[in-house]
Amino acid sequence: MTDVDTGSRDRLAVAVLAQYRMATTEQMHLIISPNVRIEQTRHRLMKLRGEGLVDRITLPQAGRTRVWFPTHYGVQVASEWPELRGRRPPRLVSDPTAARLRVSHTLTVTETGLQFLLDARHRQETCRPLDFLPEAHHPIGSGEAVIPDALLYYQRSRQGDGKGAMLRAFLEVDRATMGPERLAAKLAAYARLHGYVPAPPPGTRDQMAVREESWRRHYPLFPRLLFVLDGTGPQGVATRTDALHAAAQDTALAAFLRDVPVLAAPLVDVLHHGPAAPIWLPPRPGPGPEGQLDGDTDAVTGTHRAIAHRLHGLRNAPTTGPTTTARTPTTDPTMAGHSVAHRIAHRLRNPVRRLSQGLF
């Protein structure tokens, strides 16, 4: 069937790349036009490239996967649209060489967001392509800022006659390029953001007024914090989770951890089971029996289930809930140690149906 909504899809493609920074052809296809043939998405991207709005690089070591990114002109055009107005401009890649140096981490972030988008579609809930905002900037004073890899908006389905709850999450995608201690130190940074109250400018009348934390200007509740762990095997995941556990024992973080759900999961589990599956670990043990963790935690609702058997990587246990149909893997779990670009190339050579399964 011909894609008749050409102008709208062109605009969405440019907006997605302006916001996400980079995406492969397959990722763009699943984000903007999953109901048409991928050849139509390729043709659309080539047309936008001819118009100077996007450009691409080819990864020779990953099955010649093509990776798309916006040009300066494309970002300039997209920043004037209402759906992107007020967003902080992305840190652009200036040329194909710069794009190639940033591709691994950026594609991993894009793939993580794509999994939430696919689950929302399957569950008939709301997570649109532009509800995933990479590098959301949050000042914490003295010229410092907390910049999560992404901010995610996800709206639950309606319950009865009411409106579904809007859920928010900060995502930190770790590819094992930094030590476990540096990863765990991000907990303290988010705790600072949680408690940060900006001082009024000197001499202003409201200097003695009651002030509130800066995040409350943007969110009714502080977004939950999700760590997605990649670039390492089960032992590396365990080491990094242990570092988060150790950092969470700091009494200075007690108020933050009491108010904000903080969870971690391997990316291979997110890809294989979907983000709605019981794959998320809390950052510290709870008071469960015999010292075990107190339950699997859902990425969005915080629902707890038994998790002791999931501490060391991917398991094929069925998802609990009203349905037990297993999620068809979007990637081979044996590819856990490979880059996202390699996994995507592997997926292109070994196509599988994409299904999201499990309940948030």
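## Basis of the model

Because the structure is predicted, local features are reported only at pLDDT of at least 70 and side-chain atom pairs only at pLDDT 80 or more, whereas totals for chains, interfaces and linings use all residues. Residues are numbered from 1 along each chain as its sequence is written, and side-chain values use heavy atoms, with hydrogens and water left out.

## Overall composition

The secondary structure of the protein chain comprises ten helices and twelve strands, where helices (H or I, at least four residues) and strands (E, at least two) are DSSP runs numbered from the N terminus. Of its 360 residues, 52% count as buried; here buried means under 20% relative accessible area, exposed means over 50%, and partly exposed lies in between (1.4 Å probe, protein chains only).

The chain exposes about 17200 Å², of which carbon and sulfur atoms supply 53%; accessible areas come from the Shrake-Rupley method with a 1.4 Å probe, and for residues only the protein chains shown count as cover. Among contacts (heavy atoms within 4.5 Å) between residues at least 6 apart in sequence, 63% join residues at least 24 apart.

## Nonpolar cores

A nonpolar core is taken as a set of buried Ala, Val, Leu, Ile, Met, Phe, Trp, Tyr and Cys residues joined through side-chain atoms within 4.5 Å. The largest such core has 47 residues, and within it Val16, Met28, Leu171 and Trp280 touch the most other members. Helix α1 (residues 6–20) gives the most to this core, contributing eight residues. Apart from it lies another core of 28 residues, which includes Tyr219, Leu225, Ala248 and Phe256.

## Strand pairing

Strands of a sheet pair through backbone hydrogen bonds, either parallel or antiparallel; in this report two strands are called paired if DSSP finds at least two bridges between them. Two bridges join β1 to strand β3 (residues 65–70), and Thr24 stands opposite Val67 in β3.

Elsewhere, strand β7 (residues 150–155) has five of its six residues buried, so it is largely enclosed by the rest of the structure. Three bridges join β7 to β4 in an antiparallel arrangement, with Leu152 of β7 as the bridge partner of Phe132. Six bridges join β7 to strand β8 (residues 166–174), and these two strands also run antiparallel; in β8, Met166 is the bridge partner of Gln155.

## Salt bridges

Side chains of opposite charge can pair when their charged atoms come close. With a salt bridge defined as a side-chain nitrogen of Lys or Arg within 4 Å of a carboxyl oxygen of Asp or Glu, a search of the whole structure finds twelve. One of them joins Glu135 and Arg21 at 3.1 Å, N to O, and this pair links distant parts of the chain, since Glu135 sits in the loop between β4 (132–134) and β5 (138–141) and Arg21 in the loop between α1 and β1 (23–24), 114 residues apart. Both partners are buried, Glu135 at 17% relative accessibility and Arg21 at 9%.

Glu125 and Arg123 form a salt bridge at 3.3 Å, N to O, in which Glu125 is buried at 10% relative accessibility and Arg123 is buried at 13%. Salt bridges that share partners also join Asp10, Arg44 and Lys47 into one network. Glu39 and Arg42 meet at 3.8 Å, N to O; because they are three residues apart in helix α3 (residues 38–50), about one helical turn separates them. Glu39 is partly exposed at 42% relative accessibility, and Arg42 is partly exposed at 38%.

## The loop at Gly231

Gly231 is found in the loop between β9 (224–229) and α7 (234–247), where it is partly exposed, with a relative accessible area of 35%. Although Gly231 and Arg175 are 56 residues apart in sequence, their C-alpha atoms are 4.6 Å apart in space.
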